[in-house]
Each structure stands twice: as C-alpha cells, then as structure tokens.
Amino acid sequence: MIPSRRVYLLLLLGIAIAIILAIIFDPQVSIYSTLLFDAFVLGLAIWDGQRVKANRVRVTRHPLHRLSIGRDNPVVVSVRSENRAAKIRLRDYYPLEFEVSTPMLDASLEPNKSQELTYTIHPDSRGEFQWGDIQVRQLGQWGLAWHDWKIPVSQTVAVYPDLVGLRSLSIRLTLENTGTMRQARRLGAGTEFAELREYGVGDDTRLIDWKATARRSRPLVRVLEPEREQTLIILLDRGRLMTAQVQGLKRFDWGLNATLSLALAGLHRGDRVGIGVFDREVTSWIPPERGQHQLSKLIERLTPIQPVLLEPDYVGAVTKLVNQQTRRALVVVITDIVDITASAELLSALARLTPRYLPFCVALRDPQVDRIAHTPLDQESDGEKGKKGNLDASKTIAAAYTRGVALDLLTQRQVAFAQLKQKGVLVLDAPANQISEQLVDRYLQLKARNLL
C-alpha cells in the first residue's frame, strides 16, 4: 500500500486542526486529537488499498517480436477493468539501454472497459536484451492509497537491423515491379527477352522478330529488359572506422542496414546475392543465392555481428572473393575513407577487380563533418555577438581549427574517390543515415542501364 497525495493533505489538515485545538483547549488534548485523527486517516488508507485486491485490473503486454535498431518501436499494453472504475499507473521495465517516449503510463477506465496504452522504444544497438516485469499501481475507490503489485512477464527480446525500413523498401520494389517499372520498360534497354508486341511508329526496326511477323501476318517487335539472375556480392567492412558513432548509431549499423536493403533490392530483381563481412580476415561468408529465403538467412547470420577495433584487410577480402566467385558480378564494398594514405590499400584491392568484375565503393560519411565544414565562422558567432558583443578569442580559434580539419578531411576524401574513379571503380559517398536509399537507387539505375 502506497499513500496517495490525498492522505498527505489530510495529515496536513490534522496538523492545522491540532494548532487550532492547542490555542482553544489544552495542548495535551490537541496532541491526542491529532494522533487519533492521523490513525483514523491511515486506517482508512490501508483499508482503501486492501479493497483494490478484489478488483485489480488485468494487464497484458502484447507479444514483443523483433525490434528494429534506430527506429521508434511501439510497445502496446492492454488494460481491462473489473466491476469498478479504475485509475492506474504502469511502469514497464524495459532495458535501460533504450530511449523511451514515456517511462510511466497513466489511464482511467470505466467499469468493465478495456484500453490499450502505447509507448515507443528506440534501441541504438543490436543484440538480445532482457525485458522485465510490469509494475502496476491502482488507486483505491476513495483515492487514499495506491495498491501496488508486479506482473511477471519478463522475456528476452532481440533487436535486429532496420526491419521497418526493409518492409517499406519491399513494398516500394513490389509496386515498381508490378506497375511503373513495366510501363517504363523501353525497347532495347536490356539484353533479356521479355515479350512480343506490335510494331509502333518510332520503334527500332532492328528489333522486329521476322519469324513471328510471318506467322502473325503483322509486324511484331521484341521487348527487351535488363538481364536477370546476375550476381551481386556485398563486402561489408567491420573494422576500426566502422565502430564510430554517427547520428546515434555505429557506422557499422548504418552499413548493415544498407547491406540488407541492397540485398533485398537484388533479390527482388532476381539476382543472386552473397555477402562477406571482413576485418583482418573474412569472418563471415554467405554464398550468393536467389530467392526470398536468402534474405531471411542473411538477416539471421548478420544480426549478431559487431564491429571490432581492427584495421580491415581489403586485399585479403578481395582475394577471398576472387577465389569464391568466378562469374562476373557487381562487387559492392561498404566501408569508409579517411584520407588518401588510408585508402591506398582499398584502391589497390578494388583495382584488382577490374575489368572482370564491376567494383562499387560505398563510403559512409559523417553528416556532422559536413555541417562543421560548411558552416562559416561568422554565421556560427551571430548568436554570441548578439549577447556578448564579441566572441571569446580561444573559442574562435578552436572553431576555426575544427572547421579547417573538417574541410581537409572532405578534400582528402574527394581526392581518394577521384583516384578510384580513374581505376574504373563506381563510387557513392553519402551521409551514413541516408546511405540505404541512395545505394538502392544507384543499384536500380545500374540494372536499368544494363551495366552488369
């Protein structure tokens, strides 16, 4: 039993009454009266709290399945009252590592009514976490005491990569496959035969199927589309640079989300998709396969992997790939580049892939570096100038130095990317929190242009 605010107010009222009685009557009478009043109030509070036991609300938490990292995952708790109205307060013992929208849930229910209470959890790391019990407090009918009890519903919950984003991407790709993409199919845009249709004005006469034309007695042309069942290999770096925090998540988690998004797009387009994860060696290798079952395998195999403080061996990863994959493939390396010197090994490794393979380097940039580099110093100081009149000299020097370092980092990245492009390597440099969408779009463009 936990006293409510009303009990404390009544006890304060008892003190006020005691003061009045002490003035009018004997102080000893005042003390006895106050003690009697306080005992009466506490007795009523205890009784009020005990009466709740017979009319406890029923509380159930909806099953918690796979949560998505970096997303607001809803958690739903259902509450049902019994024969009396109920005012309750809930606390769900979620993992302390997570951000939560509201730690306490309050509700008021009419008799024999149900209500769903929802809050959101924002996990910033993958893995398995222990979810605790639910602590429930229900206010007595007189509002004097809270009856407190615990509902044992503890369970282990797994946090996966961005499954919410994968579902949205799957819907988008399905719509494109069934609608817009078919309508936008152009003659001669690929090498794989799709269908025959009647010749129209402006069609390429080289695509006329003369045998079909002779059988149907009217001109028919072949509709071509980009070749399906090609091979997509993704090499995901889990080395030192991928351990850095970017926009609330580790760079590796952004890379893993992009890896699974690209794999989903490849499987939707009928490609064989394989993935390798590497640091000083290739620690995980999933051979390329087709079909949606491959996506489930990729999610289960890749989810437990975490980045490590080791320098990546790009040459070793590419050598492993060349030995495993003999057919031509699009090879996507998801990593990060700091400067020209650090990217030398990456440049050497990707150069080995041309011209047999189509190498594609994807770098995950930190948006904060962009913001610092592109924010002028005078713009940064406007707010301070309005308050103080001028900036502190040491702060100005520190800000200038920070901006200079950021500009130098971006310049060196551009030089490294230029060297990669000279070697015939495709390049995508995008903010880590936007990399998934941009990578999928680039892949679809490559498929549409039949560059594989």
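Me: Which helix supplies the largest share of the lining of the largest cavity?

Reply: This is a predicted model, in which local features need pLDDT of at least 70 and side-chain atom pairs count only at pLDDT 80 or more, whereas totals for chains, interfaces and linings use all residues. Residues are numbered from 1 along each chain as its sequence is written, and side-chain values use heavy atoms, with hydrogens and water left out. Two helices (DSSP runs of H or I, at least four residues), H8 (344-351) and H12 (393-422), each give at least two lining residues. The largest share, three residues, comes from H12.

Me: How much space lies in the largest cavity?

Reply: A cavity is a set of points on a 1 Å grid where a 1.4 Å probe fits but cannot get out, and its lining residues have an atom within 4 Å of a point. Searching the whole structure gives one cavity of 30 Å³ or more. The volume is the space filled by probe spheres set on the points, and for the largest cavity this is about 30 Å³.

Me: How many residues of that lining are nonpolar?

Reply: The residues around the largest cavity are Ile337, Ser343, Leu346, Leu347, Ala416, Gln419 and Leu420. Sorted by class, where Ala, Leu and Ile are among those that count as nonpolar, the lining has no charged residues and two polar ones, while the number of nonpolar residues is five.

Me: What distance separates the C-alpha atoms of Leu420 and Trp131?

Reply: Trp131 is one of the residues with the most contacts inside the largest nonpolar core, whereas Leu420 is one of those lining the largest cavity. Along the chain they are 289 residues apart, and the separation of their C-alpha atoms is 47 Å.

Me: How many of the seven residues of strand S11 are buried?

Reply: Strand S11 (residues 145-151; strands are DSSP runs of E, at least two residues) pairs with others, pairing being at least two DSSP bridges. S11 is mostly covered, and its buried residues number five.

Me: Which residue of the hairpin of S10 and S11 takes a positive phi?

Reply: Within the paired strands, Gln135 has Lys150 of S11 as its bridge partner. The hairpin has five residues between the strands, and the positive phi, near 75°, belongs to Gly143.

Me: Which are the edge strands of the open sheet of four strands?

Reply: The strand order is S2-S4-S8-S6, with antiparallel pairing, and two bridges join S6 to strand S8 (residues 114-122). An edge strand here pairs on one side only, and the two that do so are S2 (58-61) and S6 (99-100).

How values were computed. 1 Å grid on protein atoms, 1.4 Å probe; cavity = no way out; pocket = protein on both sides within 12 Å on 5 of 7 lines; lining within 4 Å. Core = buried A, V, L, I, M, F, W, Y, C linked by side-chain atoms within 4.5 Å. Buried < 20%, exposed > 50% of the residue type's maximum accessible area, 1.4 Å probe, protein only.
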